[in-house]
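Me: I'd like to learn how to read a protein model feature by feature. Could you walk me through one?

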Amino acid sequence: MKVKRNKRAIRVEIAEDILEGVFAECDRYDHEETGGRVVGHFTQERGALVVRPTALIDPGPNARRSRTSFFQDGEYQTRVFRRLEAKDPAIEHLGNWHTHHVNGYPQLSGGDVETYRRIVNHERHNLDFFYALLVTQRHEGREGLKRYSVRHYVLFRGEAAVHEVSPQSVRVTSRSGQVAKVAEPSGCLASGGRPEGDGSGGRLAVRARDQFILEVLCPSMEPRRSSRTGTFFWKGRAQLIDGSEVDVRVVEVQIGDGPVYYPVVADASAAVAKLCEAPFPSAAEAVHALESHLNRELYEGAARGR
C-alpha cells in the first residue's frame, strides 16, 4: 500500500463526541472488527481540504464481523442517511471508520484500500475524496479519548495513493451537538450533562446511540422508565410500507455486564412473536428487525392476494 503523508493539504476537525461514539462501539465489540459510516461536511480553505465529521451511522443489524473482517449493512445505512439528508441537505457521506485494534494490524489493509478506491471512483459517489478513520490500538488502563489510538486517511478520485493525515493536522474540537443524548424523563443523560441514575457507562452509551438512530428511523420512539418497576424501555409507533402504524415497545434487560433489548408488539404472528423472544444488542436494531419482519409479512400477504 502506497501511503503519502500530507502530500496534499488536508485537515480533519473531529468533535469529541464523534470519537466517543467510535470508541463506545469498539468497547462493545472488543473481540471483533466493527465500524460504521462517517457523515458531515467539508470545505476548501486556502487550498486545504478540511473534513468535519458531525455524525456516525452505525453498521446496522445485518452487519457481519470477525477478528479480521467487517461487512456493513449498506441498505440500513442508506436508509438512515436519506433521513439525515432530509433534515440537513448539505450533509455528505464523508467515508467510513473501522477498527483493527482486535487484530493488531496498524494500518489500512490492502482489502480496505481496494474497497475505498472502488467507492471513491464509483460514478455514484458524490465526492472526489473518501475519508477513512482507523482505530489501531486499545490502551489498557487509559480512559476517555485516550483509551484508543486512531489514524486518519483520505483517498482521492483517480489517484492510486493513500494520503495519511498527520497528527498535527487533526484537531479534536468540543462537543458537536450532533450525537444525541438520551433525554428526560429517562433519567439517564440530561442534555449537556454527565451520566445520572443507576446505569453503567456501557448501558448509557448504548442508549445514547439508540437515541441518535431512533430520532431518524422512528421519531416517535421515546425513552421511558416504568414508575412501578423501574424498567427502562422505549415506546412509540413504527410506520410500515402500506402507510399503517403499529405500537412498539422495546424493553431493556440487564444480562451479565451489558443490556439487551426485546421488542414487544400486540397481535403478532407466530414468526414475529418468535422474533420478539430474541434479545438484540440495541433498541435501534430491535426496532429495525421488527419493522423488516412486519413489512415482509405485508408484502408477502399482498403478493398472495394478487
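Reply: We'll go from the overall fold down to single residues, and keep in mind that this is a predicted model.

Me: Okay, sheets next. How do I read strand pairing, and which way do the strands run in the open sheet of four strands?
Reply: The general idea is that strands of a sheet pair through backbone hydrogen bonds, either parallel or antiparallel. Here the open sheet has the order β12-β13-β14-β15, and its pairing is antiparallel. The strands at its edges are β12 (222-225) and β15 (258-264), each pairing on one side only. From one strand to the next, the twist averages 30°.

Me: Which helix packs on that sheet?
Reply: That's α6, which touches β13, β14 and β15. The direction of α6 makes about 140° with that of β14.

Me: Can we zoom in on one pair there? How many bridges join β13 to β14?
Reply: Seven bridges join strand β13 (residues 232-239) to strand β14 (residues 245-255), and the two run antiparallel.

Me: What about parallel pairing? Which strand pairs with β8 in the parallel sense?
Reply: Strand β7 (residues 92-99) does, over five bridges. One place to look is T99, whose bridge partner in β8 is V135. Strand β2 (residues 10-15) has parallel partners too: three bridges join β2 to strand β4 (residues 48-57), and four join β2 to strand β11 (residues 170-173). For landmarks, V12 stands opposite V51 in β4, while E13 stands opposite R171 in β11.

Me: Why is β8 largely enclosed by the rest of the structure?
Reply: Eight of the ten residues of β8 are buried, so the strand is largely enclosed. Strand β2 is mostly covered as well, with five of its six residues buried.

Me: Give me a residue in β8 to follow. What does L133 touch?
Reply: L133 is found in strand β8 and is buried, with a relative accessible area of 2%. Not counting residues up to four places away in sequence, L133 touches I14, L19, V22, N96, W97, H98, V150, R151 and H152. As for V154, it is 21 residues from L133 along the chain, and their C-alpha atoms are separated by 8.9 Å.

Me: Now rings. How many aromatic pairs are there?
Reply: The count comes to four aromatic pairs. One of them is F42 and F129, an edge-to-face pair at 5.2 Å centre to centre with 75° between the planes. This pair links distant parts of the chain: F42 is in strand β3 (residues 35-45) and F129 in strand β8 (residues 129-138), 87 residues apart. F42 counts as partly exposed at 31% relative accessibility, whereas F129 is buried at 4%.

Me: And why is the pair of F232 and W234 edge-to-face?
Reply: Their planes are at 90°, so the pair is edge-to-face, with the ring centres 5.8 Å apart. Both F232 and W234 are buried.

Me: Where does the charged end of R207 sit?
Reply: Over the ring of F232, 3.9 Å from its centre. There's also R249, whose charged end sits over the ring of F233, 4.3 Å from the centre of that ring.

Methods: Residues are numbered from 1 along each chain as its sequence is written. This is a predicted model: local features need pLDDT of at least 70, side-chain atom pairs count only at pLDDT 80 or more; totals for chains, interfaces and linings use all residues. Side-chain values use heavy atoms; hydrogens and water are left out. Rings of Phe, Tyr and Trp (its six-membered ring) pair if their centres lie within 6.5 Å; planes under 30 degrees apart count as stacked, over 60 as edge-to-face and the rest as tilted. Buried means under 20% relative accessible area, exposed over 50%, partly exposed in between (1.4 Å probe, protein chains only). A charge sits over a ring if NZ of Lys or CZ of Arg is within 6 Å of the ring centre and within 35 degrees of the ring normal. Two strands pair if DSSP finds at least two bridges between them. Axes are lines fitted to C-alpha atoms, for helices over the stretch in contact, and angles run from 0 to 180 degrees between N-to-C directions. Contact means heavy atoms within 4.5 Å.
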